[in-house]
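Me: I would like to go through this model with you, one element at a time. Please keep the answers plain.

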Amino acid sequence: MTAALRIDQLSLAYDTLRGAHFVVRDFRLEVQSGSIASLLGPSGCGKTSVLRAIAGFEPVQGGEIRLGDAVLSSTSVHLPPEKRHVGMMFQEYGLFPHLSVAQNVVFGLRRRPHAEQNARCDELLRLVGLQDAGRKYPHELSGGQQQRVALARALAPSPALLLLDEPFSNLDAATRERLTVEVRDILKQTGQTAVLVTHNESEARTMADSMLVMRPLAHATQDAGSH
Ligand SMILES: Nc1ncnc2c1ncn2[C@@H]1O[C@H](COP(=O)(O)OP(=O)(O)OP(=O)(O)O)[C@@H](O)[C@H]1O
């Protein structure tokens, strides 16, 4: 079930030889259930770090990340990524080239019964407009089609929250524009709560219900950004 995300007073830092290097301090974000939020800002301001912390790949140095009723991360709690019910469509998470489209889509459902996997696969491929592509391999698809498969794969386990990190940046401008609208429609049809990270303001405006502009920490105010 899709759920609301609430981030309070989040601080993130990386260990360096000179000690902890803070990239985000006192960051706040609230996303209503079924709503799409975008994080916008210049390179290096910490957008991906925030997504990685939500997904459970980075510990937090302060504050709290909640999804629905569950605390995912705080200074005393760190739920492992696989227990968070968070789906991801990250730039670096490409499709598995040796698996068919259908096998890619059901990858997160490996422990479920075959009949359920097949039904969910059909449903998702229809949702992303690729109902006839299940037996194809990723290299037989266009970049835009591959990203739609990646979306189907991310949605297959019905995540409570979907994270999208620059999902369209490898596509040409026309495909990018078309897919932004299509993906928004799909997320709205499924009532999916989502957070999108992008450099592109027009993409953020097309896709998201709310926009948070982040600034690099050195120039940031106490509140890392505002709507
Ligand atoms: N694993 C790491 N170890 C040390 N520093 C890191 C690590 N990952 C990111 N950083 C630093 O943290 C800061 C924020 O990086 P992050 O990738 O979150 O920014 P971003 O806003 O997503 O940038 P971009 O838009 O270029 O992807 C940068 O200064 C980066 O160099």
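Me: How many residues has helix α5, and how far does it reach from its first C-alpha to its last?
Reply: Helix α5 (residues 173-189) has 17 residues and reaches 24 Å, close to the 24 Å expected at 1.5 Å a residue. The expected span is 1.5 Å times one less than the number of residues. Helices (H or I, at least four residues) and strands (E, at least two) are DSSP runs, numbered from the N terminus. This is a predicted model: local features need pLDDT of at least 70, side-chain atom pairs count only at pLDDT 80 or more, and totals for chains, interfaces and linings use all residues. Residues are numbered from 1 along each chain as its sequence is written.

Me: Which residues of α5 are buried?
Reply: Leu-179, Thr-180, Val-183 and Leu-187 are the buried ones. A residue is buried if 20 or more other C-beta atoms lie within 10 Å of its own, exposed if 12 or fewer, and partly exposed in between, with C-beta atoms placed from the backbone.

Me: What covers the buried residues of α5?
Reply: The cover includes β3 (36-40), α4, β8 (194-198) and α6 (201-207). Contact here means that the C-beta atoms of two residues, placed from the backbone, lie within 7 Å.

Me: Changing topic: in what order do the strands of the open sheet come?
Reply: The order is β2-β1-β4-β5, with antiparallel pairing of these 4 strands. Two strands pair if DSSP finds at least two bridges between them. At the edges are β2 (19-31) and β5 (70-73), each pairing on one side only. Direction ignored, neighbouring strands are turned by 35 degrees against each other on average.

Me: Which helix packs on that sheet?
Reply: Helix α1 (residues 47-55) does, touching β1, β2, β4 and β5, and its direction makes about 75 degrees with that of β2. Axes are lines fitted to C-alpha atoms, for helices over the stretch in contact, and angles run from 0 to 180 degrees between N-to-C directions.

Me: Is α1 enclosed or open, and why?
Reply: It is largely enclosed by the rest of the structure, because 8 of the 9 residues of α1 are buried. Among them are Lys-47, Val-50, Leu-51 and Ile-54. Gly-56 follows α1 and has a positive phi, near 95 degrees.

Me: And strand β6, which strand is joined to it?
Reply: Strand β7 (residues 161-165) is joined to β6 by 5 bridges, and the two run parallel. Within this pair, Met-88 stands opposite Leu-163 in β7. Strand β6 (residues 86-90) is mostly covered, with 4 of its 5 residues buried.

Me: What else is Leu-163 in contact with?
Reply: Leaving aside neighbours within four places in sequence, the contacts of Leu-163 include Leu-51, Ile-54, Ala-55 and Val-195.

Me: Last one: where is Pro-167, and why does it count as buried?
Reply: Pro-167 is in the loop between β7 and α5. It counts as buried because it has 26 C-beta neighbours inside 10 Å. Not counting residues up to four places away in sequence, Pro-167 touches Met-89, Gln-91 and Gln-147.
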